[in-house]
Amino acid sequence: RQFNNIYAGASLVHTVGQGWNWIFTGKIWLTGYRAGDIILTGEIDKFIRSRNGRTSISVGGSMTTLEPSYYLAHYSSNHFIWGNDFNKTKEIIAYAEIENEPYKFRLRGSISTISDFIYIDTAAVPAQHHPVLNVFAADVYKHFKLGPFHSLHHLVFQQPTNPEIIRMPALSY
């Protein structure tokens with residue numbers, strides 16, 4: 001099979017007053033396998049300047065409705081064959097972040113709400129989970145510098161509401 005996907009997209013970017021920025025972007029697929037898919041994102045930033053550097057506070061999010069990958073829906077090989085009629089996966093993400101340039105530090109928290117999530121089940125075939133899933137995440141980033149030596153540290157905590165469906169480590173470094 002052959003598919004062509006055509007989409008239209010736009011971005012709005014603006015600096016509002018002293019230290020406020022916002023950006024909103026969107027894409028919509030008009031034709032093809034992904035016809036009707038939507039990706040919308042947005043972020044608002046507030047920058048606070050001091051004599052040592054800049055601190056930013058950001059809030060943002062995204063909303064997506066996406067057709068599953070073609071090979072998750074249709075596949076054939078020596079050992080597996082499937083033809084699935086999956087619903088589009090829908091995801092909403094909201095986050096807040098604070099970043100401090102002088103201390104090279106960032107803290108971020110987010111929540112994701114996913115419906116019609118597609119995963120690989122224990123029989124190694126794709127399946128779709130219809131109830132809503134949530135994923136809570138928090139991450140901390142710190143960059144240490146001592147003379148010519150640099151040390152980057154990134155700690156991530158994430159917790160899904162159903163760890164049998166979304167398998168991810170609770171803590172990673």
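Visitor: In which strand does Val16 lie?
Guide: In this predicted model, Val16 is partly exposed, with a relative accessible area of 34%. As for its place in the chain, Val16 belongs to strand S1.

Visitor: Which strands stand at the edges of the open sheet?
Guide: Nine strands form this open sheet, with antiparallel pairing, in the order S1-S2-S3-S4-S7-S8-S11-S12-S13. In general, strands of a sheet pair through backbone hydrogen bonds. A strand with a single partner is left without a neighbour on one side, and this applies to S1 and strand S13 (171-172).

Visitor: Over how many bridges do strands S7 and S8 pair?
Guide: Strand S7 spans residues 89-100 and strand S8 spans residues 105-115.

Visitor: Is Ser58 buried or exposed?
Guide: Ser58 has its place in strand S4 (residues 54-66). Leaving aside residues up to four places away in sequence, Ser58 touches Glu43, Ile44, Asp45, Tyr95, Ala96 and Glu97. A residue counts as buried under 20% relative accessible area. The relative accessibility of Ser58 is 5%, so Ser58 is buried.

Visitor: With which side chain does the side chain of Ser58 make a polar contact?
Guide: Among the residues that Ser58 touches are Glu43, Ile44 and Asp45. The polar contact, at 2.5 Å, joins the side chain of Ser58 to that of Asp45.

Visitor: How many residues apart are Arg54 and Glu101?
Guide: The side chains of Arg54 and Glu101 meet in a salt bridge at 3.6 Å, N to O. Arg54 lies in strand S4, whereas Glu101 lies in the loop between S7 and S8. Arg54 is partly exposed at 27% relative accessibility, and Glu101 is partly exposed at 43%. This pair links distant parts of the chain, at a separation of 47 residues.

Visitor: Why does the pair of Glu67 and Lys88 tie together parts that are apart in sequence, and how many residues separate them?
Guide: Glu67 forms a salt bridge with Lys88, the closest N and O atoms being 3.1 Å apart. Glu67 is in the loop between S4 and helix H1 (70-73), and Lys88 is in the loop between strand S6 (81-83) and S7, so the parts tied together are 21 residues apart.

Visitor: Which residues are linked with Glu67 in a network of salt bridges?
Guide: Glu67 counts as buried, at 19% relative accessibility. Its salt bridge with Lys88 belongs to a network of salt bridges. The residues linked with Glu67 in that network are Arg34, Asp37 and Lys88.

Visitor: How many salt bridges does a search of the whole structure find?
Guide: In general, side chains of opposite charge can pair when their charged atoms come close. Examples include the pair of Arg54 and Glu101 and the pair of Glu97 and Arg108. Over the whole structure, the number of salt bridges is six.

Technical notes. Residues numbered from 1 in each chain as written. Predicted model: local features only at pLDDT ≥ 70, side-chain atom pairs only at ≥ 80, totals over all residues. Heavy atoms only, no water. Helix = DSSP H or I, 4+ residues; strand = E, 2+ residues; numbered from the N terminus. Buried < 20%, exposed > 50% of the residue type's maximum accessible area, 1.4 Å probe, protein only. Polar contact = N/O pair within 3.5 Å; in protein donor to acceptor, adjacent residues only side chain to side chain. Contact = heavy atoms within 4.5 Å. Pairing = 2+ DSSP bridges. Salt bridge = Lys/Arg side-chain N within 4 Å of Asp/Glu carboxyl O.
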